[in-house]
Amino acid sequence: MYTDPIADFLTRLRNGATAGHQVVELPSSNVKTEIARILQDQGYISSYKVDKDTAQGTLKVALKYELGSKRPVIRGIDRASSPGLRNYKSSSSLPRVKNGLGIAIVSTSQGMMTDKEARDRNIGGEIICYVY
């Protein structure tokens, strides 16, 4: 039993990319699927798929590497908010990750989105993680 499934998801992605794995498998949830969708839309992962082979299901994430090398596209992925210390920001104070080269994934009242999207829609929320 673990208390922070999102941190476990991010750690599995980080470790899988460092080890050079093509696919990372983990227990599925709606939040993890939304984070995977954003990562695919932003070009950090190749694809993701949810298999309903068990009651909870399995999320399979295909990692992406640079052409001609085994260097992962995800250079860093860090948890910003934790169950013990939530990190909420208004739309005007959302952080810029690596001067706009990275993204922050934000959970808002209108769903999960990147910091740029939330800024454009003028919505604040809980910062889930930083990806660069």
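A residue is called buried when its relative accessible area is under 20%, exposed when that area is over 50%, and partly exposed in between, using a 1.4 Å probe and protein chains only. By that rule, buried residues make up 40% of the 132 residues in the chain. The model is predicted, so local features need pLDDT of at least 70 and side-chain atom pairs count only at pLDDT 80 or more, while totals for chains, interfaces and linings use all residues. Residues are numbered from 1 along each chain as its sequence is written, and side-chain values use heavy atoms, with hydrogens and water left out.

**Select the whole chain.** Colour it by secondary structure, where helices (H or I, at least four residues) and strands (E, at least two) are DSSP runs numbered from the N terminus.

**Next, select F9, I35, L39, L63, I105 and V131.** These residues have the most contacts inside the largest nonpolar core, which has 25 residues. A nonpolar core is a set of buried Ala, Val, Leu, Ile, Met, Phe, Trp, Tyr and Cys residues joined through side-chain atoms within 4.5 Å. At least two residues of this core come from each of α1 (5-19), β1 (23-27), α2 (30-41), β3 (58-63), β6 and β8 (125-131), and α1 gives the most, with five residues. A second, separate core of eight residues includes L94, V97, A104 and I123.

**Finally, select T108.** This residue lies in strand β6 (residues 103-108), and at 12% relative accessibility T108 counts as buried. Which residues does T108 touch, not counting those up to four places away in sequence? With contact meaning heavy atoms within 4.5 Å, T108 touches M113, I123 and G124 under that limit. Now show the side chain of T108: one of its polar atoms lies 3.1 Å from the backbone nitrogen of Q110, and a polar atom of that side chain lies 2.6 Å from the backbone oxygen of G111.

Terms used
A polar contact is a pair of N or O atoms within 3.5 Å; within protein, one must be able to donate a hydrogen and the other to accept it, and residues adjacent in sequence count only if both atoms are side-chain atoms.
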